[in-house]
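Here is a brisk report on one protein chain. It takes charged pairs, then the sheet, then some backbone details.

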Amino acid sequence: MSPALVIPSIDHEEEEPKRVVCVMDASGRLGASLVERLLQRNYIVHAAVCTHGNLQPLKGLANCLNNKNLKIFESDPFDYQSIINPLKDCSALFYTFETPQEQPMFDEYMAEIEVRAAHNVLEACAQTDTMQKVIFTSSVTAVIWREDRKSISEFDEKNWSDVHFCKKMKLWHGLSKTLAEKSAWALAMDRGVNMVSINAGLLVTPEISMKTSYLKGAAEMYEDGVLVTVDLRLLVDAHICVFEDVSSYGRYLCFNHVVNRPDDAVEFAKMLTPSATTLSATSYEDLGIFEQRIGNKKLNKLMVDYKS
């Protein structure tokens, strides 16, 4: 008698093992949103938060706390062991620097703090055997600030802000983001870490105001056609897209709105100062219309087939 033919049922195929990823710092608006979206995509997420005993940073993760795929770690970018712990078994790190609570504004000393943090994190990634990719959050301010910026027809991923110009003009946000990203790239290349950076425009959140450190030099950004903003949803999607797409490499500029017309300026000003009710386009018409001089074609091309 012939042996019975056994046909495996597709209903009982083994599930693909869940990938483990880390989000650091997960306490900010971007970090918490990344955690939530990654959990929705069935990843196991190590959320690294710097609480210093204060549970306030966990408020953004309130919707996720009961998810069995979420593990929360206390982490401090200046405590090497507390970085190593959440990275254990992870195939990727989504890294974004959150300003320390005791120093909410960027100043001339923030660059040193941010560089140290980036160096520690990349070194820890180099020591993590399972690490396959680091997604490093940087900023458009690490791209656009330089003495000769008027001579550049369109800024893209190849451009870097000039450190000496940032110091001269006291553009501390640009200085910090430029030095931290350059430090991360140098260490990644030296240690063989696969890194991709997202250079984000100004993230539009309820917290932004005229005091937001990104906006130092906003008038010059407007006139240069490089004052750009990004919605949280797009920024989260961009991070996950460059992680999941194996072809991603280098830097990616991320924004979805350019403020370069008087009516744009009015809407932008209202967003920064909600109490101002008398603003109109005529108030800003002297600003003129300026040609957009920054592009994000590289990211747009990568995200064409991305399913959020």
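The whole structure holds 15 salt bridges. A salt bridge here is a side-chain nitrogen of Lys or Arg within 4 Å of a carboxyl oxygen of Asp or Glu. Side chains of opposite charge can pair when their charged atoms come close. This is a predicted model: local features need pLDDT of at least 70, side-chain atom pairs count only at pLDDT 80 or more, and totals for chains, interfaces and linings use all residues. Residues are numbered from 1 along each chain as its sequence is written, and side-chain values use heavy atoms, with hydrogens and water left out.

Three of these pairs are tabulated below.

| Salt bridge | N to O distance |
|---|---|
| Lys 297 and Glu 154 | 3.0 Å |
| Asp 156 and Lys 158 | 2.8 Å |
| Glu 181 and Arg 251 | 2.7 Å |

Take Lys 297 and Glu 154, joined by a salt bridge. The two residues are 143 residues apart and link distant parts of the chain. Lys 297 belongs to helix H10 (residues 297-302), while Glu 154 sits in the loop between S5 and helix H4 (163-168). Helices (H or I, at least four residues) and strands (E, at least two) are DSSP runs, numbered from the N terminus. Lys 297 is exposed at 58% relative accessible area, and Glu 154 is partly exposed at 34%. Buried means under 20% relative accessible area, exposed over 50%, and partly exposed in between, with a 1.4 Å probe and protein chains only.

Asp 156 pairs with Lys 158 in a salt bridge. Asp 156 is buried, at 18% relative accessibility. Lys 158 is exposed, at 66%.

Glu 181 meets Arg 251 in a salt bridge. Glu 181 lies in helix H5 (residues 172-191) and Arg 251 in strand S9, so this pair ties together parts 70 residues apart in sequence. Both residues, Glu 181 and Arg 251, are buried. Elsewhere, salt bridges with shared partners connect Glu 123, Asp 190 and Arg 191 into one network.

Now the sheet. Seven strands form an open sheet, in the order S3-S2-S1-S4-S5-S6-S9, with parallel pairing. Two strands pair if DSSP finds at least two bridges between them. Strand S3 (70-74) and strand S9 (250-254) are the edge strands, each pairing on one side only. From one strand to the next, the twist averages 20°. S1 and S4 run parallel and are joined by four bridges. Val 21 has Ala 92 in S4 as its bridge partner.

H1 packs on the sheet and touches S1, S2, S3, S4 and strand S5 (133-139). Contact means heavy atoms within 4.5 Å. The direction of H1 makes about 165° with that of S1. Axes are lines fitted to C-alpha atoms, for helices over the stretch in contact, and angles run from 0 to 180 degrees between N-to-C directions.

Last, the backbone. Most residues other than glycine have a negative phi, and most peptide bonds are trans. Met 24 and Asp 25 are joined by a cis peptide bond, with omega about 0°. Asp 25 is in the loop between strand S1 (20-24) and helix H1 (29-40).

Asn 42 is not a glycine, yet has a positive phi of about 70°. Asn 42 occupies the loop between H1 and strand S2 (44-49) and is partly exposed at 40% relative accessibility. Asp 89 also has a positive phi, near 75°. Its loop runs between helix H2 (80-87) and strand S4 (92-95). Asp 89 is partly exposed, with a relative accessible area of 47%.
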